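Ligand surroundings come first, then the overall fold, then individual residues.

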Amino acid sequence: MPLKIHIETYGCAMNEYESDRTRRLFQEQYGYEWSGVPEEADLVLFNTCSVRDKADQKALSSIGRLRAAKIMRPGMVVAVGGCMAQSMGGELQKRAPYVDLVFGTHQWSRLPELVEQVREKRERLLETDFYGWKSYRFLPYRESTDSHPVSEFVTVQNGCDKFCTFCLVPFTRGREVSRPPEEILEEIRNLARNGVKEVVLLGQNVNAYGRDRSGLISFPELLDRAGAVEGVARLRFITSHPAEMNPELIDRMADNEAICEHLHLPLQSGSDRILTRMNRQHTLEDYRGTVKFLRNRIPALHLTTDIIVGSPSETEDDFKATLDAVGEFEFNDSFSFCFSPRPRTKAAEWKDEFVPPETALERLFRIQELQTELAVRRAGSYLGSTVEVLVEGAAKRGEGLFTGRTRSNLTVNFSSGSRKPEGLVQVRITEAMSHTLRGEHLEVGYVG
Ligand code: SAM
Ligand code: SF4
Ligand code: F3S
């Protein structure tokens, strides 16, 4: 009987990518089968996140739910990896003695070997060393027999050197390492051969790609080479840092047709005092200049952001500056969070300046209210227009409807006379909600 694997994933797109490539590796090279039920699997893998306290709590409670199954089936291997595992290490082993393997963010490519070691020797393992760029290995990708969705993530960089004072990522993923371009392009070519039409390049600080060591190509050059791969119709990248934006990159975004009119550019705060304390390495005016340049060169740009409210010492005036900035930049969407103190970060030490949780929550509601208004207004501008949609398949809701995304990354649910629309299609927008559009497929203009 083949062994079964189950993976639970928390956190960002990079975690999703690592989970997906790990599943493919175990299925294709080690003969595992997927199990939808963790209790029935021989290898249960938790890929964790630690960006906010809530993320830790979520993963810890899921891991806890597996305890009974592990007692019933001691042969099952329970492995916890990713950012929370990296951050908690031995403490996690103590808290959850039924976990066999705790591994960090640099161990993904060694996972089959570590699992085998646990299985053969029946020993508990803790592996959370960081490797320098010379020994760090990105997960290998071999052409997969399992199908791919039309849009796929490809990690191009791991780690972060920015050390924003609130953020745990530099401690959980280590220093920035750019992936060799040949590896990235080989993976993209394979994906394109397997029907992938959209590629989303991933890195915590993706627009700093190539700056961590000499001999690499620049990020704009990587975009050009990736966009030139046959079959790749759309290219996106997340997440960019405002201090790493530059005219060359913006020109490339404007001139290279494969690059979508979509940029996620976290602002975090509209107050210069808070930006400085966050160590974001730019001012509001710098950000304003970048947005001006972007909108000049890419008028249809769909701009999204991340905001933190209730940072240590944030006053009502600081918060109002953030509200004003969100209004000024008219973000199409924003992801906003209450500050969560993370172990080892600088901001976690500023306990005397913590903002009461009820104040932070009230600010979060206010910013989200404003953002919903903006998103509805922005989405409304699509009404009556015809947009290019990359079809993903049947819509989850709405019988007979199909779903896909615009170049700006909005979801469109649409009706179609074609039994199975595929690829890139033209859709006329008939209804606009804040995060989703509704429309009808225009079959004349079909380009897929
Ligand atoms: N690298 C990206 C950047 O430069 O903004 C994003 C990294 S982080 C995984 C995603 C978002 O989580 C951040 O943009 C920030 O808004 C939020 N975040 C990170 N640490 C946080 C904390 N301690 N409390 C609340 N939100 C946090
Ligand atoms: Fe965290 Fe800042 Fe790095 Fe983004 S740039 S991952 S927020 S330290
Ligand atoms: Fe979370 Fe690590 Fe991503 S902390 S957001 S899984 S880089």
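Ligand 1 has 16 residues around it, with F166, Q204, Q268, D306 and S340 the closest. The model is predicted. Its chain has 448 residues, and 55% of them are buried.

**Ligand 1**

- The shell around ligand 1 holds seven nonpolar, five polar and four charged residues.
- Strands β13 (302-309) and β14 (333-338) each contribute at least two residues to this shell.
- R52 places a polar side-chain atom 3.1 Å from an oxygen atom of ligand 1.
- F166 uses its backbone: an N or O atom there lies 2.9 Å from a nitrogen atom of ligand 1.
- Q204 also uses a polar backbone atom, which is 2.6 Å from a nitrogen atom of ligand 1.
- On its own, ligand 1 has 560 Å² of accessible area, and the protein covers 91% of this.

- The shell around ligand 2 consists of C160, K162, F163, C164, F166, C167, V169, P170, Q204, H241 and R280.
- By class, the ligand 2 shell has seven nonpolar, two polar and two charged residues.
- Ligand 3 sits among C12, N15, C49, S50, V51, C83, R173 and Q204.
- The ligand 3 shell splits into four nonpolar, three polar and one charged residue.
- Q204 is listed around ligand 1, around ligand 2 and around ligand 3.
- F166 is listed around ligand 1 and around ligand 2.

**Overall fold**

- The chain contains 14 helices and 19 strands.
- How does the radius of gyration of the chain relate to that of a compact globule? A compact globule of 448 residues would be near 22 Å, and the chain has 23 Å, so the two agree.
- Along the principal axes, the C-alpha atoms fill a box of roughly 65 × 60 × 50 Å.
- Among contacts with a separation of 6 or more, 72% join residues 24 or more positions apart.
- The accessible surface of the chain is about 19,700 Å², and carbon and sulfur atoms account for 50% of it.

- D56 belongs to helix α2 (residues 53-65).
- Is D56 buried or exposed? Its relative accessibility is 9%, so D56 counts as buried.
- Beyond its neighbours within four places in sequence, D56 contacts C49, S50, M84 and R342.
- The side chains of D56 and R342 form a polar contact of 2.8 Å.
- D56 and E123 are 67 residues apart along the chain, and their C-alpha atoms are 25 Å apart.
- E18 lies in helix α1 (residues 13-30).
- E18 has a relative accessible area of 6%, so it is buried.

**Loop residue N256**

- N256 sits in the loop between α10 (247-255) and β12 (262-264).
- Its relative accessibility is 15%, so N256 counts as buried.
- Apart from neighbours within four places in sequence, N256 is in contact with L223 and D224.
- The N256 side chain reaches the backbone nitrogen of A258 at 3.0 Å.
- N256 and I308 are separated by 52 residues in sequence and by 32 Å in space, C-alpha to C-alpha.

**Backbone geometry to check**

- Most residues other than glycine have a negative phi, and most peptide bonds are trans.
- Which peptide bond is cis, with omega near -5°? The bond from I238 to T239.
- T239 is in the loop between β11 (234-238) and α10.
- R122 is not a glycine, yet its phi is positive, at about 50°.
- R122 lies in the loop between α6 (111-121) and β6 (125-127). With a relative accessible area of 45%, R122 is partly exposed.
- N409 is likewise not a glycine and has a positive phi of about 85°.
- N409 is in the loop between β16 (402-405) and β17 (411-415). Its relative accessible area is 26%, so N409 is partly exposed.

Technical notes: Residues are numbered from 1 along each chain as its sequence is written. Chains are lettered from A and ligands numbered from 1 in the order in which they are written. This is a predicted model: local features need pLDDT of at least 70, side-chain atom pairs count only at pLDDT 80 or more; totals for chains, interfaces and linings use all residues. Side-chain values use heavy atoms; hydrogens and water are left out. A residue is near a molecule or strand if one of its heavy atoms lies within 4 Å of it. Ala, Val, Leu, Ile, Met, Phe, Trp, Tyr, Cys and Pro count as nonpolar, Asp, Glu, Lys and Arg as charged, and the others, Gly among them, as polar. A polar contact is a pair of N or O atoms within 3.5 Å; within protein, one must be able to donate a hydrogen and the other to accept it, and residues adjacent in sequence count only if both atoms are side-chain atoms. Accessible areas come from the Shrake-Rupley method with a 1.4 Å probe; for residues, only the protein chains shown count as cover. Helices (H or I, at least four residues) and strands (E, at least two) are DSSP runs, numbered from the N terminus. Buried means under 20% relative accessible area, exposed over 50%, partly exposed in between (1.4 Å probe, protein chains only). Contact means heavy atoms within 4.5 Å. The radius of gyration is taken over C-alpha atoms; the globule rule is 2.2 Å times the number of residues to the power 0.38.
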